[in-house]
Amino acid sequence: MRRLAYLGSLTLVFAGIMHILIILLIPSYAAQDAWTKLEERGELWRFSTVALPGGANTSKLPSIDPAFGIAACRFDLSEAPLIVETSGDLPFWSVAIFDRKGRNIYSFNDRTAIERRLSLIVVDPVQMAQLRKNPSEDTERAVLIEADVKQGFILIRALQQDQSWAPVVRQFLSDATCQRYEFPDEA
Amino acid sequence: MRFLLELFCVVALGLLLGGGLSWYSIQNRHGFGSLTIDRWTAWPQAGSPDADPYTKAKVASDGEVPLDSAEGVEFVARDDAQGQRLSRNCSYRLMGKTPVARLWTLAAHGEDGRTLFGSDGKPSVVVSRNMTYDQEGSVSIGVSPMLASGNWLPISGSGPFNLVFRLYDAQIINDRGLVRPQMPVIARQDCV
């Protein structure tokens, strides 16, 4: 009987440890995380419109605001820094950068953007040091974000206030570019 | 021999129990890190690296892309003011003040987070700037399958649903700490 109680408590302790381990490991091994869902939608360094207002949410991303159009682009900073640009006169847009595991690294909205234009450069710490040595015009115009990640994705959300805004939102998202940033030649 | 059998039982049962508990614990969101106002609950930290392990696991396994602090906050209501589960067979009226934000949207989502539609095929969502407010700045929105007077959020079909209130560029959390905002009350009217 005592042996059974001992085995039972041993099982409980082991189950507890397994539970903690599994919960902590899920973000690293989730089979259907945001990155994987976006992977099905297109290559690295290219924006794809993953949801348009009016119900065209074919992205499998849950709980997306149906009043928003969303474009996403995956990047890999180990290849090059990322430069993202688009412009358009919308009542509201916001940008969020996520790491590979889908955690927010940085976000801002049109009000905090320079001249309400979307222009941003994402660099890792090494690339940041390089840019500091060699500042260029681009880096002065753009929001410069230092992120200590390799892979990640960027999401643009654009509000479609009513049906009449649909073409503007569509244009805003399809104009968005997601490119490798090339360092200016050292002078 | 007996030792091996016992070890096997402990490991097998432990795995089953631990795995089952983990599976169960990410079926629904938990109170960790949540902000509740009446029937509305938000997880302002859901997408941040500082979120608790359960919220992180839930976000990752669902593949969510939560709103970040500079974007907005998402409040979800599953029940009406009386505590009854929201049903698409019923009509509701949302009444009251809304928190300070540059804009907000109110949408109806299914249990799994997908967008719902009205019977006209348009998504169930309204945007704050198209709403009419009364003199005190309160808003009143009818949520129903049938056309409602004033502001109207159409729903259709049957079964449970969630109301999702998203505040963009909101002042829910400022540098002085949490600002307790007011959220509209969800009053049930009649059911089919």
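Reader: Which strand of chain B is joined to β3(B) by six bridges?

Author: In this predicted model, strands can pair through backbone hydrogen bonds in a parallel or an antiparallel sense. Here the two strands run antiparallel. One of the pairs links Glu74(B) with Arg166(B). The strand joined to β3(B) by six bridges is β9(B), residues 162-170.

Reader: Which residue of β3(B) is the bridge partner of Ala42(B)?

Author: Strand β2(B) covers residues 40-42. Three bridges join β2(B) to β3(B), and the two strands run antiparallel. The bridge partner of Ala42(B) in β3(B) is Phe75(B).

Reader: Why is strand β3 of chain B largely enclosed by the rest of the structure?

Author: A residue counts as buried when its relative accessible area is under 20%. Strand β3(B) spans residues 72-77, and it is largely enclosed because, of its six residues, the number buried is five.

Reader: Which strands stand at the edges of the open sheet of four strands in chain B?

Author: The order of this sheet is β8-β7-β4-β12, with mixed pairing. Each edge strand has a single partner strand, so one side of each is left without a neighbour in the sheet. The strands at the edges are β8(B), residues 151-154, and β12(B), residues 185-191.

Reader: What is the average twist from one strand to the next in that sheet?

Author: The sheet in question is the open one with the order β8-β7-β4-β12 in chain B. From one strand to the next, its twist averages 25°.

Reader: In β12(B), which residue is the bridge partner of Cys90(B)?

Author: Strand β4(B) covers residues 90-96. It pairs with β12(B) in the antiparallel sense over five bridges. The bridge partner of Cys90(B) is Cys191(B).

Reader: Against which helices do the buried residues of α1(B) pack?

Author: Helix α1(B) has 24 residues and reaches 34 Å from its first C-alpha to its last, close to the 34 Å expected. Its buried residues include Glu6(B), Val10(B), Gly14(B) and Gly18(B). These buried residues pack against α2 (53-62) of chain B together with α1 (2-29) of chain A.

Reader: Which element gives the most to the lining of the largest cavity?

Author: There are three cavities of 30 Å³ or more, and the largest has a volume of about 70 Å³. Its lining includes Pro27(A) and Arg103(A) from chain A, and Lys56(B), Val59(B) and Ala60(B) from chain B. With three residues, the element giving the most to the lining is α2(B).

Technical notes:
Residues numbered from 1 in each chain as written. Chains lettered and ligands numbered in written order. Predicted model: local features only at pLDDT ≥ 70, side-chain atom pairs only at ≥ 80, totals over all residues. Heavy atoms only, no water. Buried < 20%, exposed > 50% of the residue type's maximum accessible area, 1.4 Å probe, protein only. Pairing = 2+ DSSP bridges. Expected span 1.5 Å × (residues − 1). Contact = heavy atoms within 4.5 Å. Axes fitted to C-alpha atoms, helices over the stretch in contact; angles between N-to-C directions. 1 Å grid on protein atoms, 1.4 Å probe; cavity = no way out; pocket = protein on both sides within 12 Å on 5 of 7 lines; lining within 4 Å. Points joined across faces, edges and corners; volume = space filled by probe spheres on them.
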